[in-house]
Amino acid sequence: MLCRTLRVLMISRPVMMTNRATQRLRQLEESLAHSSMSNMSNSAVGMSTTNAVTTTRHLAKGDSLPPQNDGTLRLFSMKYCPYALRARLVLAAKGIQYETINCNLKNKPEFLLERNPKGLVPVLEYKGHVVIESLIVCDLLDELYPQRPLYSTNAFSKAKDKVTIHFFDSFTNLLRKMLKYREDFAPDQAVKFFDGLQRMEKDLQSRGTEFYSGIEPGMVDYMCWPWLERLSWSPQAGGVLSNYPTIKAYIERMHQDDAVKAVYIPSEEVNTFYNGLFTGNPVYDL
């Protein structure tokens, strides 16, 4: 648990009650505007919307890369990586068929380093094109597969979502430290952590919708979810959420999303992996 002196930093805010009718109508209009495009994406990239995932054990240095099925999108991933989870959430939300190549990130396979010299995931490969970085990968998928668009068609709403994603990316390092260092979480970091949660709380309140993207999860929700999911599991940080009722209710709704359910990994398994990672002995194939 966090020390008593840090608890005084947690500020609870009442949930703002706003009229959601306008936001719901706008979201429905945008959905209808894109419904006619849903069949175009598959012909554009030559794939089915059936989300059939081929998984492997985590391949390491010296392992050979399995042959790729013709015309199939391939995702280089790591089962417990939150950045790779972003890509899997988008793939699941859009019902995209793909193959998964899980990689051991402590003993990295040569084929991963050939595609990304940093040895990081996710890496997307399709028809000779290789794309790295989670946000870029996810934005590309949203453009290639226009069914269920994950950004608003309103340019200003899209810009606002990207600002939220950018902020959350800077906030993830604090979340990681919260989960890693637990009782040793420094007071100055705790201040920034609670300030970050407060900003996310106020952002969602100001939107007056169930999700950051509106009446259903969209890009900003899926980009933030991997860390919020882990936060909701943490015995060290979970109690904090009672001071942020809007975020707490939001997390409960996100747990019910079909894409979230499709890529769900039990919290016990994730925590077991990270306990090993934080002590220098990660076990990739649990």
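**Reading a strand residue and its surroundings**

Guide: Let us begin with Glu125, which lies in strand 4 (residues 123-126); helices (H or I, at least four residues) and strands (E, at least two) are DSSP runs, numbered from the N terminus. This is a predicted model, in which local features need pLDDT of at least 70 and side-chain atom pairs count only at pLDDT 80 or more, while totals for chains, interfaces and linings use all residues. Residues are numbered from 1 along each chain as its sequence is written, and side-chain values use heavy atoms, with hydrogens and water left out.

Visitor: Why does Glu125 count as buried?

Guide: Buried means under 20% relative accessible area, exposed over 50%, and partly exposed in between (1.4 Å probe, protein chains only). Glu125 counts as buried because its relative accessibility is 10%. Across the protein, buried residues make up 49% of the 286 residues.

Visitor: Which residues is Glu125 in contact with, leaving aside its neighbours within four places in sequence?

Guide: Contact means heavy atoms within 4.5 Å. With those neighbours left aside, Glu125 is in contact with Gln68, Thr72, Leu73, Arg74, Phe76, Arg115 and Val130. Arg74 is 51 residues from Glu125 along the chain, yet their C-alpha atoms are separated by 5.1 Å.

Visitor: With which side chain does that of Glu125 make a polar contact?

Guide: A polar contact is a pair of N or O atoms within 3.5 Å; within protein, one must be able to donate a hydrogen and the other to accept it, and residues adjacent in sequence count only if both atoms are side-chain atoms. Here the partner of the Glu125 side chain is the side chain of Arg115, at 3.2 Å.

Visitor: Which residues touch the most other members of the largest nonpolar core?

Guide: In soluble globular proteins, nonpolar side chains tend to be buried together. A nonpolar core is a set of buried Ala, Val, Leu, Ile, Met, Phe, Trp, Tyr and Cys residues joined through side-chain atoms within 4.5 Å. The largest one has 53 residues, and Leu141, Phe193 and Tyr222 touch the most other members. Helix 9 (residues 219-233) provides the largest share of this core, nine residues. Another core, of 19 residues, lies apart from it and includes Tyr80 and Phe273.

Visitor: What does Leu141 touch, not counting residues up to four places away in sequence?

Guide: On that count, Leu141 touches Leu73, Ala87, Val90, Leu91, Lys94, Ile96 and Leu124. Leu73 is also among the contacts of Glu125.
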